Amino acid sequence: MKRLIKVIFVVLLVITSLIGCANNTNKSTNDNMNIETIDNETTTEIKISESVKDQNTEQQNIKVNTTEPKKEILEIKEKMFITQINDIFYNVDNYKDKIIVVEGMYSKWNLWNGDKKVPVVYRRGPGCCGNDGWGGFWLNYDGELPKENDWIRVTGTPELVTEEYCLYLYLNVTSLEIKSKRGAEFVKQ
């Protein structure tokens with residue numbers, strides 16, 4: 001009988017803890033103020049309730065509309081670096097609404113016909129003749145450029161651009177920062 005009571009107690013404890021974790025809103029409280037935030041795809045609603053001494057509650061709703069839905073952030077790491085960039089190249093429509101974050105070396109390279117030099121963020125990788133390949137993005141960036149071979153962290157949105165007869169995978173840069181700690185310059189995947 002004692003064992004049955006213990007089992008029932010444990011089951012009730014688990015159910016109670018699961019019910020408490022089911023709330024989807026963010027709440028923070030101050031002694032007499034309750035702030036609740038509800039995030040939707042394009043709207044953030046903030047409810048502020050303030051308790052008054054006589055237990056009446058005054059509530060104020062504030063809705064903040066954003067013009068764009070929140071964008072998903074994809075950070076490209078060392079593992080699967082080349083694979084993820086290839087996937088973006090071949091499926092750019094699946095990534096055009098995502099924010100891409102990537103780290104690598106900085107350089108300026110000529111386009112295929114040699115007409116202009118374009119900034120790139122890249123890492124070395126396997127190629128057709130050994131380790132002569134690379135993976136990365138051409139950068140559409142108007143800010144101050146780093147020094148050759150600086151390690152940079154770039155944030156932006158991807159875009160395929162046709163120049164002459166070639167397709168180039170560009171990153172429309174929203175931020176670029178020079179990092180002191182370098183990652184792996186050579187990646188395999």
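Student: On what basis are residues numbered and values computed here?
Tutor: Residues are numbered from 1 along each chain as its sequence is written, and side-chain values use heavy atoms, with hydrogens and water left out. Since the model is predicted, local features need pLDDT of at least 70 and side-chain atom pairs count only at pLDDT 80 or more, whereas totals for chains, interfaces and linings use all residues.

Student: How many helices and strands does the chain have, and in what pattern?
Tutor: Helices (H or I, at least four residues) and strands (E, at least two) are DSSP runs, numbered from the N terminus. The secondary structure comes to three helices and 10 strands. Along the sequence, the pattern reads α-β-β-β-β-β-α-α-β-β-β-β-β.

Student: In which sense, parallel or antiparallel, does strand S5 pair with S6?
Tutor: Two strands pair if DSSP finds at least two bridges between them. Strand S5 (residues 72-76) is joined to S6 over five bridges, and Leu74 stands opposite Ile100 in S6. The sense of this pairing is parallel.

Student: What is the bridge partner of Met105 in S7?
Tutor: Strand S6 (residues 98-110) and strand S7 (residues 117-127) run antiparallel and are joined by six bridges. Ser107 of this pair stands opposite Val120 in S7, and in the hairpin, with six residues between the strands, Gly114 takes a positive phi near 80°. For Met105, the bridge partner in S7 is Tyr122.

Student: Which residue of S9 is the bridge partner of Val101?
Tutor: S6 also runs antiparallel to strand S9 (residues 151-163), and six bridges join them. The partner of Val101 in S9 is Thr155.

Student: How many disulfides does a search of the whole structure find?
Tutor: A disulfide is counted when a pair of cysteine sulfur atoms lies within 2.5 Å. Cys128 is exposed, with a relative accessible area of 74%, and Cys166 is partly exposed at 26%, where buried means under 20%, exposed over 50% and partly exposed in between, with a 1.4 Å probe and protein chains only. The number of disulfides found is zero.

Student: Which element gives the largest share of the lining of the largest pocket?
Tutor: The residues lining this pocket include Ile82, Phe89, Trp134 and Leu169. Helix H2 (81-90), strand S8 (130-140) and strand S10 (166-179) are the elements that give two or more residues to the lining. A pocket is an open set of points on a 1 Å grid over the protein atoms alone, where a 1.4 Å probe fits, with protein on both sides within 12 Å along at least five of seven lines, and lining residues have an atom within 4 Å of a point. The largest share, five residues, comes from H2.
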